[in-house]
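Open the model in your viewer and keep the sequence panel beside it. The tour below goes stop by stop.

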Amino acid sequence: MKKVTFAIFGAILGIPMSYYFQPEMLRAKVGGLGGYLKNFDDIVNNSDLVGNVFLSVIIFAVIGGVIGYFMDENEAKNKNVGNKIRSSSGSNQSIENQTNFCPSCGERITDGETNFCENCGKEL
Ligand SMILES: [Zn+2]
């Protein structure tokens with residue numbers, strides 16, 4: 001769910017970054033990003049400028065969402081690889097625990113310690 005978090009962070013980042021979306025005349029007037037944020041109330045109340053703020057917020061939210069989306073994808077891929085490794089080591093274990101069968105009568109040998117078949121008494 002990183003894409004949601006990143007989209008929110010992107011939207012927040014879009015607020016100060018909207019400074020770069022404003023006309024050069026305004027940027028010169030406020031004298032930098034600090035002055036822009038100080039006068040942010042006036043910017044938001046200006047119908048010509050608030051559109052640029054929204055534009056910036058949306059653009060950065062989308063960028064954040066896309067970055068988060070790919071991070072989610074990578075995480076899902078890594079999880080799948082981890083599961084594959086775990087399941088293959090699990091199958092190795094089942095081979096080790098495989099039960100033996102008597103070569104003479106085919107009876108299953110449940111006791112791994114015994115040297116004789118419980119069914120026919122043949123030496124194993
Ligand atoms: Zn046997």
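What follows is a walk from the whole chain to single residues.

**The whole chain**

This is a predicted model. Start with a cartoon view of the protein chain: five helices and two strands. Follow the chain from the N terminus and the elements run α-α-α-α-α-β-β. Now colour by burial. Of the 124 residues in the protein chain, 11% are buried. Next, think about contacts. Take those between residues at least 6 apart in sequence: 50% of them join residues at least 24 apart.

**Stop 1: helix H1**

Select residues 2-17. This is helix H1, with 16 residues. From first C-alpha to last, H1 reaches 21 Å, close to the 22 Å expected at 1.5 Å a residue. Which residues are buried in H1? Show side chains for Phe6, Ala7, Gly10 and Gly14. These four cover an arc of only 105 degrees around the axis, so they sit on the same side of H1. The spacing rule behind this is simple: an α-helix has 3.6 residues a turn, so residues three or four places apart point the same way.

**Stop 2: valine 62, in helix H5**

Keep Phe6 in view and select valine 62. Valine 62 lies in helix H5, residues 47-96. How far is valine 62 from phenylalanine 6 in space? Draw the C-alpha to C-alpha distance: 8.9 Å, for two residues 56 apart in sequence. Is valine 62 buried or partly exposed? It counts as partly exposed, because 14 other C-beta atoms lie within 10 Å and a buried residue needs 20 or more.

**Stop 3: glutamine 22, in a loop**

You are in the loop between H1 and helix H2 (24-30). Glutamine 22 has 19 other C-beta atoms within 10 Å, so it is partly exposed; the cut-off for buried is 20 or more. Now select its contacts. Leaving aside neighbours within four places in sequence, glutamine 22 is in contact with Arg27, Leu49 and Asn52. Draw one more line, from glutamine 22 to asparagine 52. Their C-alpha atoms are separated by 6.3 Å, although the two are 30 residues apart along the chain.

**Stop 4: after strand S2**

Jump to glycine 112, in the segment after strand S2 (108-109). Glycine 112 has 8 C-beta neighbours inside 10 Å and therefore counts as exposed. Its C-alpha is separated by 8.1 Å from that of asparagine 100, 12 residues apart along the chain.

Finish at asparagine 115, also found in the segment after S2. Why does asparagine 115 count as exposed? Because it has 9 C-beta neighbours inside 10 Å, and exposed means 12 or fewer. Last, select what asparagine 115 touches: Glu123 and Leu124, not counting residues up to four places away in sequence.

Technical notes:
Residues are numbered from 1 along each chain as its sequence is written. This is a predicted model: local features need pLDDT of at least 70, side-chain atom pairs count only at pLDDT 80 or more; totals for chains, interfaces and linings use all residues. Two residues are in contact if their C-beta atoms, placed from the backbone, lie within 7 Å. The expected span of a helix is 1.5 Å times one less than its number of residues. The arc is that of the directions from the helix axis to the C-beta atoms.
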